[in-house]
Amino acid sequence: MKSIGLTLWRQRVLFLFLLPGAAAVLVFSYAPMAGLVMAFQDYRVSDGFLRGEFVGLDQFRAFLTDPDFYAALRNTLAISGLTLLIGFPAPVALALMIDAVASSRFRKVVQSVTYLPHFITWVFIASLVYRLLDTESGIVNLALVKLGFEPVSFMQSPGYFWFILVLASVWKSIGWNSIIYLAAISGIDPELHNAGMVDGASRFQRMMYITLPSIVPTIALMFVLSLGSLVSVNFEAVFNLMNGFVQEKADVIDTFVYRNGVQMIKFSYATAIGLAQSVIASILVFAGFKLSNKMNGTKLL
């Protein structure tokens, strides 16, 4: 205990730098958790937390019998599953390809180009998607017409929405998400590649048999963390891309909560759904850690 106190004192300046961030997390992430009590109340703004009527699990029973909730849950799981299937391996593949590029200048250009979409807002991306897929002037439909096909109303057809959302999300995040894999690749001992070259291994063989196996622990960790997002979808992306034509396929749990909590002022109902969503996400992440530990023989948790 004395040594810990001595270490804290010696590094007091560094800990002072942590204080603003720690305070922000406490104020904006942990303090609002007090509002979870609304999930067990028939909350009214005029009564406040202390005088709200306690209703136990009634709010949970209410959304479990709501058919609209199950439609939102179906859309959430479908979009999350597609995102995991397409969006998770994409940054790994991009990092491997960037690492395999011999020219450092070309590598930097590719990294810069792929990082840029991360800094673009979803409002702009949604506008861009609508322009590209416009029935009359969109470049996609113009290309289809040139090839002899009929134009397609992509943004008015519910069947296309999931794939459009997932592809737009992958385009926006692929470069940024590849950073952590590039960092893992940079930590690989160069002697392994030198030994591979001495043995006559090609660049592709070294990528497959040295680079990829070396970053498996990082991939496993990121996969486990991504499991927590199976019951949630990027609200900004859905909110900006959805419209009345595609709502049956676009309404996810987050928009369902927003509609009930903010627009319909059903605070307790929305809080109960959000709480259940968080609990399920935590269980999925915990189960993922345990599964990864068992399969890889690692100790992620």
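This is a predicted model: local features need pLDDT of at least 70, side-chain atom pairs count only at pLDDT 80 or more; totals for chains, interfaces and linings use all residues.
Residues are numbered from 1 along each chain as its sequence is written. Local features need pLDDT of at least 70, side-chain atom pairs count only at pLDDT 80 or more, totals for chains, interfaces and linings use all residues, and side-chain values use heavy atoms, with hydrogens and water left out.

Start with the record. An unreviewed UniProt entry places "domain: ABC transmembrane type-1" at residues 73-288. UniProt positions follow the numbering used here, feature names are shortened, and annotations may be inferred rather than shown by experiment. That span is 76% helix and 0% strand, with its end C-alpha atoms 21 Å apart. Helices are DSSP runs (H or I, at least four residues), as are strands (E, at least two), numbered from the N terminus.

The unreviewed entry also lists "transmembrane region" stretches, among them 209-233 and 267-289. Residues 267-289 are 100% helix, and their end C-alpha atoms lie 33 Å apart. Residues 209-233 are 72% helix, with ends 34 Å apart.

Now take helix α9, residues 158-186. Its 29 residues reach 43 Å from first C-alpha to last, close to the expected 42 Å (1.5 Å times one less than the number of residues). A kink of about 50° is centred on Ile-174; the bend is the angle between axes fitted to the seven residues ending there and the seven starting there.

Finally, α11 (203-214) packs against α12 (216-227) at about 50°, axes 5 Å apart. Axes are lines fitted to C-alpha atoms, for helices over the stretch in contact, and angles run from 0 to 180 degrees between N-to-C directions.
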